[in-house]
Amino acid sequence: MKFGILVNEGPYTHEASDTAFQFVKAALAKGHEIYRVFFYHDGVNNGTRLTVPPQDDRNVVKRWSDLAAEHKLDLVVCIAAAQRRGLMDAAEAKRNGKDADNLAPGFRISGLGQLIEAGIQADRLVVFGD
Amino acid sequence: MTEGNAGVAKKFLYVNRRAPYGSIYALESLEVVLIGAAFEQDVSLAFLGDGVYQLTKGQDTKGLEVKNFSPTFRALEDYDVTKLYVEKEALEARGLRAADLVVPVEVVGAERMAEIMEAQDVILSF
């Protein structure tokens with residue numbers, strides 16, 4: 001089956017990103033396809049490469065990046081939600097006159113159309129959040 | 001669905017469960033609806049629980065210093081988004097009637113709402 005995934009909450013405060021990650025990992029292990037993982041609301045904070053969690057804790061952001069590299073996952077951060085919350089790649093930083101960028105490897109920034117498209121293309125769109 | 005069905009409209013339901021202010025979910029849900037309208041899918045909106053407050057008339061957000069986005073619901077018709085379902089029990093529990101809302105809606109009981117959800121292809125819950 002082809003899954004689309006929506007993550008609506010940020011890392012650590014909320015379990016949604018952890019559950020989504022475990023779901024994606026399990027689905028891939030069973031041979032399913034992950035069409036796209038879309039990060040919205042505070043979920044965009046899963047894409048900041050500047051998190052430094054304690055060493056005895058899981059690294060939520062790096063875990064997504066590593067899984068994306070391993071399985072060629074399409075991790076998409078909503079641009080409108082990202083701009084509100086200070087998430088940007090180098091191109092966005094330049095465009096907005098900011099002196100830094102913080103998007104983690106394996107993530108890309110794009111529009112909400114990517115979420116709708118995932119709903120259209122996937123057999124199931126699974127929402128993780130409150 | 002296969003790639004070959006990409007041109008066929010799917011039934012999208014946006015489920016709004018939260019009050020309009022106090023968190024950003026309601027506003028950002030509406031942003032998805034507006035962007036999604038360009039994809040010419042079969043779109044419906046459902047309002048459950050405190051989500052019914054999103055549609056109430058006379059919202060005044062000046063004291064909160066946030067934008068009152070309730071007028072946007074009146075523009076949905078221009079985007080061909082006309083199916084708005086409001087949970088009857090949620091309205092009644094809050095002492096509201098359909099006449100208190102900024103747009104025409106269909107008030108449905110929880111059982112009918114469950115049937116509406118059952119008929120969807122994609123449910124986005126905010």
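This text walks through a predicted model of two chains, from overall shape to single residues. Residues are numbered from 1 along each chain as its sequence is written, and chains are lettered from A in the order in which they are written. Because the model is predicted, local features need pLDDT of at least 70 and side-chain atom pairs count only at pLDDT 80 or more, whereas totals for chains, interfaces and linings use all residues.

Chain A has five helices and five strands. Helices (H or I, at least four residues) and strands (E, at least two) are DSSP runs, numbered from the N terminus. Read from the N terminus, the elements of chain A follow the order β-α-β-α-β-α-α-β-α-β. The C-alpha atoms of chain A fill a box of roughly 45 × 40 × 30 Å along the principal axes. Its radius of gyration is 14 Å, which agrees with the value near 14 Å for a compact globule of 130 residues. That radius is taken over C-alpha atoms, and the globule rule is 2.2 Å times the number of residues to the power 0.38.

Of the 130 residues of chain A, 45% count as buried. A residue is buried if 20 or more other C-beta atoms lie within 10 Å of its own, exposed if 12 or fewer, and partly exposed in between, with C-beta atoms placed from the backbone. Two residues are in contact if their C-beta atoms, placed from the backbone, lie within 7 Å. Among contacts in chain A between residues at least 6 apart in sequence, 75% join residues at least 24 apart.

Chain B has four helices and five strands, in the order β-α-β-α-β-α-β-α-β from the N terminus. The radius of gyration of chain B is 15 Å, close to the 14 Å that the globule rule gives for 126 residues, so chain B is as compact as a globular protein of that length. Its C-alpha trace spans about 50 × 30 × 25 Å along the principal axes. Buried residues make up 31% of the 126 residues in chain B. For contacts in chain B between residues at least 6 apart in sequence, the share joining residues at least 24 apart is 72%.

Next comes the sheet of chain B. Strands of a sheet pair through backbone hydrogen bonds, either parallel or antiparallel. In chain B, five strands form an open sheet in the order S4-S3-S2-S1-S5, and the pairing is parallel. The edge strands are S4 (106-108) and S5 of chain B, each of which pairs on one side only. Two strands pair if DSSP finds at least two bridges between them. On average, neighbouring strands of this sheet are turned by 25 degrees against each other, direction ignored. Helix H1(B) packs on the sheet and touches S1, S2 and S5 of chain B, with its direction at about 165 degrees to that of S1(B). Axes here are lines fitted to C-alpha atoms, for helices over the stretch in contact, and angles run from 0 to 180 degrees between N-to-C directions.

Strand S1 (residues 11-16) of chain B is joined to S2(B) by six bridges. Lys11(B) stands opposite Asp42(B) in S2(B), and the bridge partner of Tyr14(B) is Leu45(B). Five of the six residues of S1(B) are buried. Leaving aside neighbours within four places in sequence, Tyr14(B) is in contact with residues including Val32(B), Val33(B) and Leu124(B).

Tyr14(B) also belongs to the largest nonpolar core, which has 67 residues. A nonpolar core is a set of buried Ala, Val, Leu, Ile, Met, Phe, Trp, Tyr and Cys residues joined through C-beta atoms within 7 Å. Among the residues with the most contacts inside this core are Ile5(A), Phe38(A) and Tyr14(B).

The two chains meet where 16 residues of chain B are in contact with 15 residues of chain A. Helix H1 (25-36) and strand S5 (122-125) of chain B each supply at least two residues of this side of chain B. The largest share, six residues, comes from H1(B). On chain A, the buried residues of helix H5 (residues 113-121) include Leu115(A) and Ile120(A). What covers the buried residues of H5(A) includes S1, H1 and S5 of chain B.

Most residues other than glycine have a negative phi. Glu40(B), which is not a glycine, has a positive phi of about 55 degrees. Glu40(B) lies in the loop between H1 and strand S2 (42-47) of chain B, and it counts as exposed because it has 10 C-beta neighbours inside 10 Å. Asp80(B) has a positive phi near 65 degrees and is found in the loop between helix H2 (71-75) and strand S3 (83-87) of chain B.
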